[in-house]
Amino acid sequence: RRWKLADGAAYYLNNVYVSGTYHIMVPRGTTYAVNSRFRCLGGTKNCLFNEGLTRESDKLVIRNSMIDGPEPFGLGSYFRDAAWYFVEDRISERLLPSGQIWREPAKDYQMKWGEGRIYFADNKAPRYSWLKNNLEQSPARTKTTVTAEWTLPNWNPESTSAPQVVKVEQTSDRVLVKFNESVTVHGVPALTFASGAKAGYRRGSGSDTLEFETVAAGKPVTIELRGGEIFASSASLRRRNAELKLPSRR
């Protein structure tokens, strides 16, 4: 079954299994896949797909993963702008000699960032001329550069450090809490103040900014992150007086 990902979005895949026939995964944006397996069931049809139209840095990175199939298969194709990175992968001997990443031009589309942005580094794969190491020709230059942090814009899903609050804005009807990375809310959190007023959660999960309902007017909010909790207080109070369970990384 085809797995289509949203235009311009960023995705992190770790230890996933994807199988199907033609274009089994369709990322349109930036995707970092590691420790995963892609099983191509479509025979000579192209297995993978990639497209990145939002930014020149949009890319599909597959690292330390397995790409195979029960019968001869092609690696992938793209219609419009795309960039591909295969780093330290295991690619089955059933990969066709003509199974490289093919450009299938889309009608009435002008390439913005050029063709042939397809890079390989230290893969265990058939010895085809088009599959040789060429990562030095890419913006990454070396395979040590190609990490989740380098791949994904403003987001490192492999970091073990807690997200940090970088900015708080309060208006008459909402409180915005901005983090240094995207976060995901679990449950229904609320900011609760010493006065008893609550700032209920509205939206923002999956982004770097969470929105809450307003608290008492005229009391600016300060928020800091400590050991997995968010503490909020008004400027007129001298102690921390409310807490919110930390939204963990998506």
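Two strands pair if DSSP finds at least two bridges between them; strands (E, at least two residues) and helices (H or I, at least four) are DSSP runs numbered from the N terminus. The model is predicted, local features need pLDDT of at least 70, side-chain atom pairs count only at pLDDT 80 or more, and totals for chains, interfaces and linings use all residues. Residues are numbered from 1 along each chain as its sequence is written, and side-chain values use heavy atoms, with hydrogens and water left out.

**View 1. An open sheet of three strands, ordered β7-β10-β13.** The pairing in this sheet is parallel. Because β7 and β13 (101–103) each have a single partner strand, one side of each is left without a neighbour in the sheet. β7 is joined to β10 by three bridges, and L48 has G76 of β10 as its bridge partner.

**View 2. The largest nonpolar core, with 28 residues.** Such a core is a set of buried Ala, Val, Leu, Ile, Met, Phe, Trp, Tyr and Cys residues joined through side-chain atoms within 4.5 Å; buried means under 20% relative accessible area, with a 1.4 Å probe and protein chains only. F38, L48, I67, W84 and F86 have the most contacts inside this core. Strands that each supply at least two of its residues include β6 (37–40), β7 (46–49) and β11 (84–87).

**View 3. Surroundings of W84.** Leaving aside neighbours within four places in sequence, W84 is in contact (heavy atoms within 4.5 Å) with residues including L48, L60, Y78 and I118.

**View 4. N123 in the loop between β14 and α1 (148–151).** N123 counts as buried, at 16% relative accessibility. Beyond four places in sequence, its contacts are F86, V87, E88, D89 and N133.

Key
Buried < 20%, exposed > 50% of the residue type's maximum accessible area, 1.4 Å probe, protein only.
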